[in-house]
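Good morning, and thank you for coming.

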Amino acid sequence: MLIEEVAAQARLVLAEVEKAIVGKRVVLERIMAACLCPGGHLLLEDYPGLAKTLIAKSFASALGMGFKRIQFTPDLLPGDITGGYIYDRNENRFVLRTGPVFSNLILADEINRASPKTQSALLEAMQEYQVTIEGETLPLEEPFMVIATQNPIEYEGTFPLPEAQLDRFIMKLSVGYPGTQEEKEILSRRQERKGDAIPLQPVTNAAGLLAMRAAVETVHVEPDLQAYMVELVARTRTHRQVVVGASPRGALALLKLSRAWAALQGRTYVIPDDIKELVLPAIGHRLILEPDLWLVRKAPGQIVDEIVKGTAVPVLGARE
C-alpha cells in the first residue's frame, strides 16, 4: 500500500466516524494517527458525557475491528479481563473461557476505578500482545489496541494509574466540550435519526489496518529530526519542575506518531511541524511533576510548550 492510499483510506475512516462525532476533527485525526501505530494504545481523560465511549465504538466500527467494552469497577478481578479455566461438567474437564481482552479494540472504561491488581492485568497485553493464564501464554489478535477512559474530577473510590502503565499509552487526549453550533448539530442529528443508535459501516478491516501500518513504516525521518525528538525528550529530564522526565519509550512514541501524522497528510517524510503537533499528547502524561503542580491540569502542557520553544528546530534541505 502506498502512502497516498493510506491517507485516502484514513480520510474515509474519519468521514465515517464523523457521522457519529460532531466537530472534533483534530482529536479524531490524532486518534487515527494512534491507530496507525503498533502499540497505539490511547488514554482519553475528560468529563462525563463527551463521547469518549462513542469515539472508541465508532473507530472500531469504521475500521472493521472486533470490539469489546470492559467497565472497570472496584470489584473487577483480573480474571474478568483475561478469562480463565472453568470446569465443564459435560466434558468432565477444565476448559479455557477467554475474556474480553481477546479482541482487536478494547475499551477500558473508567480504568482508574479498578484496583491496581486488576489494572495490571492489561500491562502484559498492552506491551507483549499476549496473556498468561495459569502458566499458559496465549497470543492476542493483531491488530490489538486499548482505548482507556478516565474522569479527571472524580477521585473518591479511584486508583490513579501507576507511571508504568501510563507509559504504555502512546498518547493521552482530551475531547473537550463542543461549540454552540456543534451542540446544535448534535441535537439536530438526534432528532432526524429518531433513535440513539448511530449505524456506521466498516471502511476497512483488520488486515487493511495492518497494511496501512506497514506502509507507515516506510515514512522517512531525517537523522536531524530524530536528534530533535531525542533533544525534546531529554529536556524533560532536566526541567526544573519535572521530577522524572519521559523515558525512551516516549521518544519512540514521538517517532511512531510523527510518521503516522505525515502519512495522514499524504507525505512520505516527516517535517518538524509533525513532531510539534504531537509532542504534548505523546509525552505530557509521562512526566512526573513537582508535588505543588500535581493538581494543575495545564501544567504538563505549559512545561512541554516551554521545552519546544526553547529547543532549536533543525533546518532541513529542500526535497526534490
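Predicted model: local features only at pLDDT ≥ 70, side-chain atom pairs only at ≥ 80, totals over all residues.

In which helix is the place of Arg190? Arg190 belongs to helix H8, which spans residues 180-193. Residues are numbered from 1 along each chain as its sequence is written, and side-chain values use heavy atoms, with hydrogens and water left out.

Let me stay with Arg190. Its relative accessible area is 34%, and it therefore counts as partly exposed; that class lies between buried, under 20% relative accessible area, and exposed, over 50%, with a 1.4 Å probe and protein chains only. Apart from neighbours within four places in sequence, Arg190 is in contact with Gly195 and Asp196, where contact means heavy atoms within 4.5 Å. Asp88 lies elsewhere: 102 residues separate it from Arg190 in sequence, and 46 Å separate the two C-alpha atoms in space.

I turn now to the whole chain. The protein has 13 helices and 11 strands; these are DSSP runs, numbered from the N terminus, with helices being H or I of at least four residues and strands being E of at least two. For 320 residues, a compact globule would have a radius of gyration near 20 Å, and the protein agrees with this at 20 Å. That radius is taken over C-alpha atoms, and the globule rule is 2.2 Å times the number of residues to the power 0.38. Along the principal axes, the C-alpha atoms fill a box of roughly 70 × 45 × 40 Å.

How much of the protein is buried? Of the 320 residues, 48% are buried. Among contacts between residues at least 6 apart in sequence, 79% join residues at least 24 apart.

Finally, the cysteines. How many disulfides does the structure hold? The number is zero, a disulfide being a pair of cysteine sulfur atoms within 2.5 Å.
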